[in-house]
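Please keep the sequence at hand while reading.

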Amino acid sequence: MQDEKAFIERLLNPKTQQEAFRELLQLYQKPLYNHIRNIVLNHDDTDDVLQNTFLKIFQNISKFKGESKLFSWVYRIATNESLNFLQQRARKSGITNEEVQQNALNKLESDVYFDGDEIQLKLQNAIALLPDKQQLVFKMKYFEELKYEEISEIVSTSVGALKASYHLAVKKIEEHLKTN
């Protein structure tokens, strides 16, 4: 966004807020859908989380302090909403987060919105075996091609720790794919 400060002012101004929010939706709807989909895996759940994300952004834009980029703030909300969704799903079902992810993976092949092949399914299974933080870092770096600095702002972790997490995740995934 060329002039982020001016855009944020438009988001905060009641006279220009609706138009600015439409621009925000247009700008972030597709990338946030992909980001959330990488975390929750299911299309319908992704739509629900995306809607909640934009609602939270709209409700909390006045609290945005500009200490990070708008991009990072928006992605942090989407990430937190996705992780909260998975935790709530696990709690309601009386199962672990890992079991929620495994259930989503099992349904992925029959999901009409999933366009991956057998290799993609194997990759998703390998990713599901990673600890939560490594999963998140791997997905953001590998699928979304975010820079470490951007991921660092989104998940509030140092770049060095993210690089280490990504490296470990890649090694674990490679090992899993070799043996399966």
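Are α7 and α9 roughly parallel or roughly perpendicular to each other? They are roughly perpendicular, a label for angles of 65 to 115 degrees. This is a predicted model: local features need pLDDT of at least 70, side-chain atom pairs count only at pLDDT 80 or more, and totals for chains, interfaces and linings use all residues. Residues are numbered from 1 along each chain as its sequence is written, and side-chain values use heavy atoms, with hydrogens and water left out.

**Packing of α7 and α9**

Helix α7 (residues 132–143) packs on helix α9 (residues 159–179) at about 90 degrees, and the axes lie 9 Å apart. Contact (heavy atoms within 4.5 Å) involves Q134, V137, F138, K141 and Y142 of α7. From α9 come L162, S165, Y166, L168, A169, V170, K172 and I173. By class, the contact has nine nonpolar, two polar and two charged residues.

**The faces of α9**

L162, S165, Y166, A169 and I173 are the buried residues of α9; buried means under 20% relative accessible area, exposed over 50% (1.4 Å probe, protein chains only). Seen down the axis, the buried residues of α9 fall within an arc of 100 degrees, so they line one face of the helix. Their cover includes α6 (118–128), α7 and α8 (148–155). On the other side of α9, K178 and T179 are exposed.

**Helix spans**

The expected span is 1.5 Å times one less than the number of residues.

| Helix | Residues in helix | Expected span | End C-alpha distance |
|---|---|---|---|
| α9 | 21 residues | 30 Å | 30 Å |

After α4 comes G94, with a positive phi near 70 degrees.

Notes: Axes fitted to C-alpha atoms, helices over the stretch in contact; angles between N-to-C directions. Helix = DSSP H or I, 4+ residues; strand = E, 2+ residues; numbered from the N terminus. Parallel < 35°, antiparallel > 145°, perpendicular 65-115°, else oblique. Nonpolar A, V, L, I, M, F, W, Y, C, P; charged D, E, K, R; others polar. Arc of directions from axis to C-beta.
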